[in-house]
Every structure is written in structure tokens, then in C-alpha cells.
Amino acid sequence: MTHRMNRRALIKGMAAAAVAVPAAGIAGGANASAATAASAATTADALAFDPDAYTEITTTISTDDGDREVTYHFWSAITYVTDPVDETYQSLTVSVPVSVDGTAVDATDAPILVSNSIGGYLPSSVSTNTSVSSSRAKLAIAAGYVAVEPGARGRTLVDSSGDYYGTAPAAIVDLKAAIRYLRFNAGTVPGDTDKIVTAGTSAGGALSALLGASGGSSLYDDLLDELGAADADDIVYATGAWCPITDLENADGAYEWNWGTNETGSGSEVDQTTSADLIALFETYQSSLGLTADDYGTVTADNLADYLLATYLEPAATSYLTDLSDDDRTTYLTANTFITWDGSAATFTWSDYLDHVGTRTKSIPAFDAFDLSAGENNLFGVDTTEARHFTDYSLANDTSGTGGSSLDSDIPAKLEMMNPMYFIGESNDDRAKYWWIRTGTSDSDTALTIVGNLALSLENLGDTVDAAMYWDGAHGADEDPAAFITWIADVTGYTG
Ligand code: DHB
């Protein structure tokens, strides 16, 4: 890995010097060559991980197996690019366990969990963190892994000229830069940089899935070069994604297919004509994916409800009910007569399940709002424009008065850079091959099909996918955090 990086850096330097020679003459060429070498050295120095720059911290971390006293080395905010736009966000922390309950831990070859805390596609900063922060990262170090917590730019950031500098694809470019930083420092940064596992929830889950799916893609190279990202690749080994808010350009139709008849918070149904239009778009999209599942053949909008019921919803209810005491199960089943319980398995209909969930979280369209009021409209803002349309349908039905007659020309490329389904559709060979995917059955922040299609498309490529839903789980639920930590050991083969 290091060998390849150095060779690439050298070739880049040589190319720059060769261009300089004819323009500036022999002497100028030599100077340019020296300057290039100096700047390469500066870049390498600036992005060199300092193994000694830590503070030692001891803390108690509660795990499923009880409290653990963990002593770890903590590297506070390290800027992971040489030309940051905003270091507040473009930095990461590193936490490396050195002992757990008094027993020494050697994390030299441990998996590295890169756990982001991004929500809402908003800016996320670790710049003032003084210790390991997220519960997922804490569990990772208690298990003897390295935990990296990256910040990233987000959609609401505006500079003094009024330019939005954290809209798409800034967050994924930043996270990729963070991965490149780690791999660039292979051997000095603790942990095995060939066993990087990403994690995140909601928008953070979407970005984690995108890191996993798009690893090694050259689509982001120019943007990464502009930031002075480290000269290393951004392939990750495994990916955890909880309720990923992703596949945004297809999510409005998916949402209506799933939640179209559920009432909004104000107690009314959304406009059913619009809902039907969007469902029609979704039906075409779902067929175009060409996904197949045992017992279903091609999974289309026609058999998708049955597929989701049998694959996720009924198993989730079964698992939930199995874990209850006899009394609590009886109480639950009495309150939820739509569930048939045969003593070991739950069955019910899709329509009863929808009634059970009740209110839908979002209005219509859920993501590309006609009036540009959705967070995702802001995600696709650019320059001094706060919010834009990113689907033809919502553009055609714009009520903001700023829509225009066609999507802005930069939108298609940005949609690709933000959507893991694009890279999975391309069978990107460098993608993560191990996937942990979870969502709650009561989470109507997006359609269940988003999660179902993500998992099934990866299964169809032959990846190892552990996908499940949490019965009655709300948006952001993570009900088996310890199992994810164990899964990391399973898929990486790490035994400590
Ligand atoms: C998140 C939630 C949403 O409903 C959404 O549209 C985007 C992001 C979140 O919780 O991160």
C-alpha cells in the first residue's frame, strides 16, 4: 500500500516538473522540480500522523457484559487535508485502547471503526472533543478496536460571501479524505488500515453506506485534490448503516409507495393525485433495479410488500415478541390484535402494519419539496443558492418560483456522488463487501424500501449482508450495538 502511494506521488511530481521545463527553460525546470518535491514533502509532513501527540485517558464504558475500565490514547482534532475549507469540520479524532480492566491491549492490528455523528446532512464537528464521543466509538475501544471520529462539512454552512460550502457532495468528499488520511498513515496510525469499518446513522448512515459503496471511485478525485487530501485510496472494508436516508432522487416515490396512505401529523392524507404520480415513478424505478430474491423472483412494486413483510417485518415482530416475558407478550398481543402469534412466529398484513405505524413523519414530496423547504433541497444548494430541486417531478411542480425549466446541469453528477445505489449498480469492485444494515419498523423518515433495496442489491452482488429491522423502532434506533461490535470481529477475523 505504502509502496503504491509513493509511486503515485512520484509520478504526479514528475508530470508537474515535465510541464514546467519547456515553459521556464532548464534552470526554471530544475527549480520547478525542486519546488514540486518540496511541496510534496510539505504535504506528506502536514498529513503525517504524530504517534506521540496523544493524551492518556481512563474512563468507564458500560457494555452488555458490564462496565469496563478502559485506558486509551486520545488524539484530539487532526486536520485531515492540507487545504481545508473549514478545519472546524475537516478534522478527526483517534482513540486507541491500551488497557481494558487492567489488562494490556495491543491495537496495532485492530480494526478501525470510523464512526461519524452526522445528522440531517448538517455540519458535524469534532474540533473541540476532548475524549472519545459516540457510544459506538466507546464500545469499539472497549472491545480493543481503534475508533476514529471524523467531522465533515454540512449543508447549512455559508461563508462571508454568502456561498454555501457544505452542500453536496462536501460531506462525502470530507469523509473520503478522512479515510485517505488514515490509509496514508498506515503503519504509524494504530490499527489495520486494511480493516476500516464505517458507521453512521440516518444522514450519517447514508454517508457510511456511500463510503462503503463508492470506495476507490475516481469520481471524487478532483474535489479531493482541491482539498489536499492524502495520496492514498479511500476503499473501506466493511460498512454499518442505520436508517440510511439515501437514494434521495428516488426517495419521494418510494416514500409514497410505502407511506402514501398514512396520515400526516395534522391528521389528513396527503394529496393522493401527487402521491399516485410519485408511486408510478417508483414502480418504474423498482423494476429498473432488477433485484431478485429467493421465492420472489424479480422484486417489483407488486411483490415488494410481501417481500418486506416476510424478510424484515414479521421476523422483527417475532424476535420482539420472543424476547418478552409471557405476561408482556400477552399484553402486547392484546393491544395489537392485528398480529397473529402461533406461539413462535408473528404474521400480519402490510396494510395492518401501516395502520399500526400511524402518522407519517413527512409531507409530500418528502425530500424534494415543491416549495424547496426540505433539508434535502438545501443539501443540493450551490454557491449563494440555498436550496434547489433535484428531481424532474418536483421541478415541474415547483411552487417556489425559482425552479427553472430543467434541473441545473451540475445536479446529475452530484446525485451520483451522493447515492450508493449508483456504485452498487455499477458493481464497483472496490466497494465494501461486508454490510450491517438496520432500521426501525416505525421509522417513516424514509421508506423501508430504501433499506430493503440497499440490502438486496448488495446481496445480489454476493456481498455478506446482515440486514434486519427493529420492531417498533423509531428513527435512529440501534437496539443491538454489541452485536455490531461482535460482527466487526467476525467479518475482519480479528481475535485481539
Ligand atoms: C435525517 C433525517 C431525515 O428525515 C432526513 O430527511 C435527513 C436526515 C437525519 O436524522 O439525519
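How many nonpolar, polar and charged residues does the shell around the ligand have? The model is predicted, so local features need pLDDT of at least 70 and side-chain atom pairs pLDDT 80 or more, while totals for chains, interfaces and linings use all residues. Numbering starts from 1 along each chain as its sequence is written, and side-chain values use heavy atoms, without hydrogens and water.

**Exercise 1. Sort the ligand's surroundings by class.**

Step 1: List the residues near the ligand (a heavy atom within 4 Å). Among them are Gly119, Gly120, Ile245, Lys362 and Glu376.

Step 2: Apply the classes: Asp, Glu, Lys and Arg are charged, Ala, Val, Leu, Ile, Met, Phe, Trp, Tyr, Cys and Pro nonpolar, and the others, including Gly, polar.

Step 3: The shell comes out as 3 nonpolar, 4 polar and 3 charged residues.

**Exercise 2. Find polar contacts of the ligand (N or O pairs within 3.5 Å).**

Step 1: Start with the backbone, where an N or O atom of Gly120 is 2.5 Å from a ligand oxygen.

Step 2: Turn to side chains: an N or O atom of Lys362 lies 2.5 Å from a ligand oxygen, and a polar atom of Glu376 lies 2.6 Å from one.

Definitions and conventions
Near = heavy atom within 4 Å. Polar contact = N/O pair within 3.5 Å; in protein donor to acceptor, adjacent residues only side chain to side chain.
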